[in-house]
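Please keep the sequence and the model in view while I talk, and I will go chain by chain.

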Amino acid sequence: MAEFLMPSLGSDMKEGTLLEWRVKPGDRVKRRDVIAVVDTDKAAIEVEVFEEGIVEALLVQPGEKVPVGTVLAVIRTEAVEISTGEAAAGRLPGAPPAEAVPPLPPGAEAAPAPRVFRAPSAPPSTPGERVRASPYARRLAAEHSIDLGLLHGTGPEGTVRAADVQLAMAVTAEAPAPEAPVKGPPHGEATEPVAPAAPTRERPAGRDQAAAMRRAIAAAMARSKREIPHYYLQTKIDMSRTLRWLEAENLKRSIKERLLPVVPLIRAVAMALQEVPELNGYWIDDRHEVREAINIGFAISLRQGGLIVPAILGADLMSVDELMEALRDLITRTRAGGLRGSELTEATISVTSLGDLGVETVFGVIYPPQVALVGFGRITEQPWAENGMLAVRPVLSATLSADHRATDGRRGAQFLDALNRHLQEPSKL
Amino acid sequence: MKEEKILQTIFKLLRRIAPEADPSGLAPDENIRRALDIDSFDALNFFIQLHEELGVTIPEADYGQLNTLAELTRYLASRVA
């Protein structure tokens with residue numbers, strides 16, 4: 001038997017809300033299958049399982065907020081078969097009792113047992129079904145116990161948007177349809193019907209979400225500045241070769257396949273890390289852990305404020321086209337919902353690009369337990385002296401913030417030097 | 001007439017990218033990306049969607065001169081079939 005636990009999806013995550021099960025008892029799962037959606041302070045995250053087997057029991061219901069490490073489900077692995085009676089009866093021995101859940105902050109009460117909003121002729125949802133929804137829509141739905149699977153999504157590809165959930169909230173609050181069934185948790189014991197609760201208008205969920213996001217960023221960044229002795233290096237890189245190459249490459253491509261300027265930069269970071277692997281990894285328990293896989297966290301800002309830094313997993317193994325595809329996919333899912341747990345926890349270094357605005361140089365704060373962050377500013381035309389000649393070139397300021405416990409300035413300098421070298425030979429990117 | 005259709009298409013695409021903003025409130029000569037806080041990824045998506053809606057392929061080299069509603073509508077009106 002294996003226990004599927006509430007994961008820690010960030011260095012400072014203490015608890016999470018189960019939003020949705022994608023499996024039901026009896027389903028077969030394999031490694032890396034997404035089996036649940038968990039709401040952290042930052043976003044709704046798809047969580048993968050790392051065992052092969054059969055789902056024995058789901059112990060936590062959608063809407064429940066539980067501490068990190070709580071057993072959410074039991075997976076019967078192939079090797080051991082046990083009687084199903086005990087597990088199906090409810091929480092297993094060893095699972096934290098309900099009282100262990102720490103008191104929630106005022107106004108953040110756990111959602112009541114799911115209340116179902118049934119749209120006319122909408123198909124019933126099944127727990128294994130994948131519902132596309134924006135993170136805000138998921139949060140609203142969880143807070144108001146509305147089943148996302150029963151809503152008609154009006155976003156791209158039927159994605160459920162916050163407005164759809166708000167519409168459902170308004171409809172149920174105004175006129176709870178008499179035939180609207182109130183059902184208990186899908187696979188738990190039967191619960192008492194719950195009277196429809198009016199949405200709490202005085203406490204808009206959007207503000208709570210923004211506040212939670214700020215708290216999550218605050219905790220991680222305060223820890224970084226408290227624990228990590230940063231050192232900072234900056235170099236100016238002549239981007240004329242890379243930009244010429246990019247222009248030529250994009251001329252060959254349809255508009256849909258065009259590369260963003262940040263793609264060759266990420267590719268060059270991945271290549272430079274192969275030469276200076278010390279910057280790729282973690283500082284954990286007074287030890288430097290260099291990682292082999294190069295998973296580049298890319299800072300993505302959100303329109304509603306805040307940012308998320310999901311990882312491009314195995315970035316060093318990707319071509320520029322694959323990187324562009326991965327980046328497009330990652331940005332889309334960061335903004336519309338559907339990030340996976342591994343993408344939030346397995347970044348081995350971070351890259352932040354503020355070049356869209358007028359910023360010339362980024363002095364980044366490392367995301368613990370990582371040991372480095374690469375910052376890119378805007379590419380600007382600057383006077384450039386080379387071989388005794390003065391010219392005007394497009395110039396990029398690249399910075400490295402690194403953990404001085406893990407590396408010294410010389411390693412950092414070697415990294416920026418390698419980065420520059422790769423950007424002078426774009427055809428080899 | 002053609003300009004009006006183009007403008008409505010632009011508004012529709014901008015609302016998709018920035019649902020909280022009202023693009024019809026933009027001044028003709030206002031920098032759209034700055035006013036609506038649109039990053040390079042969303043800008044690329046905007047041009048992809050313009051291509052899908054209006055059939056106009058905008059070369060990358062022209063991105064820089066398409067910053068305002070006036071510039072966009074003028075550019076597109078001369079190219080829409």
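Predicted model: local features only at pLDDT ≥ 70, side-chain atom pairs only at ≥ 80, totals over all residues.

Let me begin with chain B, where 22% of the 81 residues count as buried. If you take the contacts in chain B with a separation of 6 or more, 60% of them are between residues 24 or more positions apart.

The helix I would like you to find in chain B is α4, residues 69-77, whose buried residues are L69(B), L72(B), T73(B) and L76(B). Why do these residues lie on the same side of α4(B)? They cover an arc of only 95° around the axis, and that places them on the same side of the helix. As for what they pack against, the buried residues of α4(B) meet α1 (2-17), α2 (32-36) and α3 (40-54) of chain B.

Now to the place where the two chains meet, which involves 11 residues of chain B in contact with nine residues of chain A. On the chain B side of this contact, there are five nonpolar, three polar and three charged residues.

Turning to chain A, we have 429 residues, of which 41% are buried, and the chain has nine helices and 20 strands. Among its contacts between residues at least 6 apart in sequence, 68% join residues at least 24 apart.

I will describe two of the sheets in chain A. One is an open sheet of four strands in the order β1-β8-β6-β3, with antiparallel pairing, and its edge strands are β1 (2-5) and β3 (28-29) of chain A, each of which pairs on one side only. Within this sheet, β1(A) and β8(A), the latter at residues 71-76, pair in the antiparallel sense over four bridges, and if you look for F4(A), you will find that its bridge partner in β8(A) is A73(A).

The other is an open sheet of five strands, in the order β7-β2-β4-β5-β16 of chain A, and here the pairing is mixed. The edges are taken by β7 (65-67) and β16 (339-340) of chain A, and because each has a single partner strand, one side of each is left without a neighbour in the sheet. Strand β2(A), residues 15-21, runs antiparallel to β7(A) and is joined to it by three bridges, with E15(A) having P67(A) as its bridge partner in β7(A).

Next, please look at helix α7 of chain A, residues 320-336. How far apart are its end C-alpha atoms? They are 24 Å apart, which agrees with the 24 Å that its 17 residues should span at 1.5 Å a residue. Buried residues in α7(A) include L323(A), L327(A), L330(A) and T334(A), and just after α7(A) comes G337(A), which takes a positive phi of about 105°.

I will finish with some details of the backbone, for which the background is that most residues other than glycine have a negative phi, and most peptide bonds are trans. D285(A), although it is not a glycine, has a positive phi of about 50°, and D286(A) also has a positive value, near 60°. D285(A) lies in the loop between β10 (281-284) and β11 (287-290) of chain A, and D286(A) is found in the loop between β10 and β11 as well. Are these residues buried or exposed? D285(A) is exposed, with 7 other C-beta atoms within 10 Å, and D286(A) counts as exposed with 6 C-beta neighbours inside 10 Å.

In the loop between β17 (349-353) and β18 (372-376) of chain A, you will find P369(A), which is joined to P368(A) by a cis peptide bond with omega at about 5°. Another proline, P261(A), sits in the loop between α5 (240-252) and α6 (262-275) of chain A, and P261(A) is partly exposed, with 19 other C-beta atoms within 10 Å.

How values were computed:
Residues numbered from 1 in each chain as written. Chains lettered and ligands numbered in written order. Contact = placed C-beta atoms within 7 Å. Nonpolar A, V, L, I, M, F, W, Y, C, P; charged D, E, K, R; others polar. Buried ≥ 20, exposed ≤ 12 C-beta atoms within 10 Å, placed from the backbone. Arc of directions from axis to C-beta. Pairing = 2+ DSSP bridges. Expected span 1.5 Å × (residues − 1).
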